[in-house]
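Please examine the structure shown below. The paragraphs that follow lead through some of its aromatic rings and then turn to one further residue.

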Amino acid sequence: MSDPTVTMASERTPEPGPTAGAGPGRPSRRSVSPARQMLLDLVTRPRFAVPGTLVLLLAVIAVFPGPIAGFFGNGDPLACDLNRSGLPAGEGHPFGFDIQGCDLYAQVIYGARPSITIAVIVTVTSTLVAMALGLVAGYYGGVIDTILGRGIDLFYGFPFMLAAIVILTALGSHGIWAVSGTMAAFCWPTMTRVMRASVLATRKLDYVKAARALGASDLRIMVRHILPNAFAPVLVLASLTVGGIIAGEASLTYLGVGLRAPSISWGVQLNTAQSYFNSNPNLLIYPSLFLCVTVLSFVLVGDAVRDILDPKSR
């Protein structure tokens, strides 16, 4: 006859042990917040790690161009000598010299700052405008949605490049803020439509209805409940837009309506190099290479962010 004590002990439900991988000072996987887990998944993906590292390196170059430009020489892009005009690469000058006798390597390194600065300004400005307008249009609907929708359609009626050329020519200003403002004026409509569609889908969820039933104000519902859950598609679109903005700025500058000398940017260098490609191809090759790598890196980062935030791809 079996011992009843042993039988009762064997029928007890075992106590759950610690989650695998958990330990003192080490949180279990189930304790990790969704945002942190999403970030971990993003960082560990090679398709994000490689372009993300390049983007980080380009950001460092844009913030600290002096030390990086001085790594192979004096680092001064304005230290020019016409006696060195068009000379090939040499010791301390890996890219050679431009037509003005300036160190091309220093010029290319310093050219990253205005391009990335304009991209950040345009992206942040467009995203904030799209968040505000899309949130209001999607939440209230009705007349407000109709008015904003027709306004967006009006902006869609103007080709971006043609409109930017006309505006910058009329302004007569070719600084960073003028170029950024002009590009931002045509980048927010698409983001606004995406934000509006996301808000329309989110405002019908049960937790929004519950917050409204409890007497929460419209502003609180929009900011605390709808915005955090409707922002992901706009974030994906913004991350994909950065590369296009950098390419757009370079295109406008290349056409002569964007930044102009003495400003230092890749577009200015490409504009100058077009007349000397046969005799000095390095003037076109190096700025183009940096521009292509920058645009491609930001686009790949945007693709990786989209894959993480899109539930269908997870």
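This is a predicted model: local features need pLDDT of at least 70, side-chain atom pairs count only at pLDDT 80 or more; totals for chains, interfaces and linings use all residues.

**A walk through the aromatic rings**

Tryptophan 266 has a relative accessibility of 0% and therefore counts as buried.

Aromatic pairs in the model number 8. One of them joins phenylalanine 95 and tyrosine 286, whose rings are stacked, with 3.9 Å from centre to centre and 5 degrees between the planes. This pair links distant parts of the chain, for phenylalanine 95 belongs to the loop between H4 and helix H5 (104–110), whereas tyrosine 286 lies in helix H15 (residues 282–309), 191 residues apart. Phenylalanine 95 counts as buried because its relative accessibility is 13%, under the 20% limit. Tyrosine 286, at 23%, counts as partly exposed.

Tryptophan 266 takes part in another pair, with phenylalanine 290: the ring centres are 6.3 Å apart and the planes stand at 50 degrees, so this pair is tilted. Here too distant parts of the chain are linked, since tryptophan 266 is in helix H14 (residues 266–273) and phenylalanine 290 is in helix H15, 24 residues apart. Through ring pairs, Phe95, Tyr105, Trp266, Tyr286 and Phe290 are joined into a cluster.

Isoleucine 68 belongs to helix H4 (residues 65–69), and its relative accessibility of 23% makes it partly exposed. Between the C-alpha atoms of isoleucine 68 and isoleucine 109 the separation is 7.5 Å, although the two are 41 residues apart along the chain.

Methods: Residues are numbered from 1 along each chain as its sequence is written. Side-chain values use heavy atoms; hydrogens and water are left out. Helices (H or I, at least four residues) and strands (E, at least two) are DSSP runs, numbered from the N terminus. Buried means under 20% relative accessible area, exposed over 50%, partly exposed in between (1.4 Å probe, protein chains only). Rings of Phe, Tyr and Trp (its six-membered ring) pair if their centres lie within 6.5 Å; planes under 30 degrees apart count as stacked, over 60 as edge-to-face and the rest as tilted.
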